Amino acid sequence: MTAPRRGLVLGGGGVLGAAWMVGALRALEDELGVDLRTFESLVGTSAGSVLASLLGAGVAVEDLVASELGHAVTTQPLAGFAFDHEDAAGGDRPARPRAGIGSHRLLVHNARHLRHLPPTAVLSALLPEGRGRLDSVGALISHVVPQGWVRRPGLRVVALDYDTGARVPFGAPGVPDVELPTAVMASCAIPGWYQPVRIGAHRFIDGGAWSSTNIDLLAGHGLDEVYVLAPQVSFDADRPSQLSTRLERQWRARVTARALREVDKVHRHGTEVTVLGPGADDLAAMGGNLMEVGRRRQVLETSLRTSAAALRDPAPLTTPTHFEDAG
């Protein structure tokens, strides 16, 4: 019997989103009984681009878990690299950004059809340019892929061209070649928080400015199954008392709606899609700031438990296309 052709989508979600996805990756691998590195297609956005790239470079899920827990990794290709999860993102809050609008060029380039861009892309242009740097993330990826791209096909790292507003899936056919660490840093460059990453004549920012998940990039690829781990998607509603957390939940609802539209595009091509997002316990562990590094271990440990339970008992979404919701 032929093994199913599978794809994996890892979404954006900051420091805590990465911790949650590491737990979910472990649960997914255990549930399927297969090595996730064997999946045909990998799509990563922002924090998800880091994990997708490490998987594409041959890093085992168990080593991702060990690294997230602060344990030494002794197996290749991650062996010998100590990643400082506590300081790599530069803190829970961004430094004061530069003055002025971040990208006049994006706004001018799209002046006649701004409504055709995702609202988040337009907002990213209006935000000031951030000052943070992602050198630690670049060093991590450089350790496992010192030059070029991963050897295996099928890895896509999503960023947004900050000068044109175009979504750019690095690694896809027709997209200019770029070093993997540079592509990942671009994908992680949250507007207003981090400096845009210059590649050639253009600047690039977080692919989440287009979409937190970019699931639709796998539409029409002939895959049998696609699994989506989306830290900013959730099908559980809660009622937080803190204003900042309530605002985060409103944002999360919009991200979820967009992700479901993208799922529809993939599903129409005959691909079964399973979406895993944080549940109520995960949301409680995360709070309202996905960059709050002090919650990282709690989020990981919660995800190891909740993701396994969700995957064992997925609930169908109440939508006309009958998507599966494992979150």
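Helices are DSSP runs of H or I with at least four residues, strands are DSSP runs of E with at least two, and both are numbered from the N terminus. The model shown in these close-up views is predicted.

**Figure 1. The largest pocket and the helices that contribute to its lining.** The largest pocket has a volume of about 1,100 Å³, and its lining is made up of 34 residues, among which Thr120, Ile190, Gly208, Gln232 and Trp251 lie nearest the centre of the pocket. Two elements, α5 (residues 119–126) and α8 (residues 243–267), each give two or more residues to this lining. The largest share, six residues, comes from α8. When the lining residues are sorted by class, 14 are nonpolar, 13 are polar and seven are charged.

**Figure 2. The second largest pocket, to which α8 also contributes.** About 200 Å³ of space lies in this second largest pocket, which is lined by 13 residues, with Gln242, Ser244, Thr245, Gly288 and Asn289 lying nearest its centre. The elements giving two or more residues to the lining are α8 and α9, the latter spanning residues 280–286. Of these elements, α8 gives the most, with three residues. The lining of the second largest pocket divides into three nonpolar, six polar and four charged residues.

**Figure 3. The largest cavity of the structure.** Rolling a probe the size of a water molecule over the atoms shows where empty space is left. A search of the whole structure for cavities of 30 Å³ or more finds one, and about 440 Å³ of space lies in the largest cavity. The lining of the largest cavity consists of 25 residues, and Val15, Ala18, Val50, Phe83 and Val137 are those that lie nearest its centre. Two or more residues of the lining come from each of α1, α2, α3 and α6, where α6 covers residues 135–144. By class, the residues that line the largest cavity are 19 nonpolar, four polar and two charged.

**Figure 4. Packing of helix α1 against helix α3.** Two packed helices are described by the angle between their axes and the distance between the axes. Helix α1, which runs over residues 14–32, packs with helix α3, residues 61–68, at an angle of about 145°, and the two axes are 9 Å apart. The crossing in which α1 passes α3 is left-handed. On the side of α1 the contact is made by Ala19, Val22, Leu25, Arg26 and Glu29, while α3 brings Val61, Leu64, Val65 and Glu68 to the contact. Sorted by class, the contact of α1 with α3 has six nonpolar residues and three charged ones, with no polar residues.

**Figure 5. Arginine 296 and the residues in contact with it.** Arginine 296 lies in helix α10, which covers residues 296–312. With a relative accessible area of 9%, arginine 296 is buried, because a residue under 20% counts as such. Once its neighbours within four places in sequence are left aside, arginine 296 is in contact with Val15, Leu16, Ala19, Glu68, His85 and Glu86. Two of these residues are also found in the view of Figure 4, where Ala19 of α1 and Glu68 of α3 take part in the contact between the two helices.

Figure 6. The buried residues are Leu180, Pro181, Ala183, Val184, Met185, Ala186, Ser187 and Cys188.

Figure 7. Asparagine 214 counts as buried, at 0% relative accessibility.

How values were computed. Residues numbered from 1 in each chain as written. Predicted model: local features only at pLDDT ≥ 70, side-chain atom pairs only at ≥ 80, totals over all residues. Heavy atoms only, no water. Axes fitted to C-alpha atoms, helices over the stretch in contact; angles between N-to-C directions. Left-handed = near helix turned anticlockwise from the far one by under 90°. Contact = heavy atoms within 4.5 Å. Nonpolar A, V, L, I, M, F, W, Y, C, P; charged D, E, K, R; others polar. Buried < 20%, exposed > 50% of the residue type's maximum accessible area, 1.4 Å probe, protein only. 1 Å grid on protein atoms, 1.4 Å probe; cavity = no way out; pocket = protein on both sides within 12 Å on 5 of 7 lines; lining within 4 Å. Points joined across faces, edges and corners; volume = space filled by probe spheres on them.
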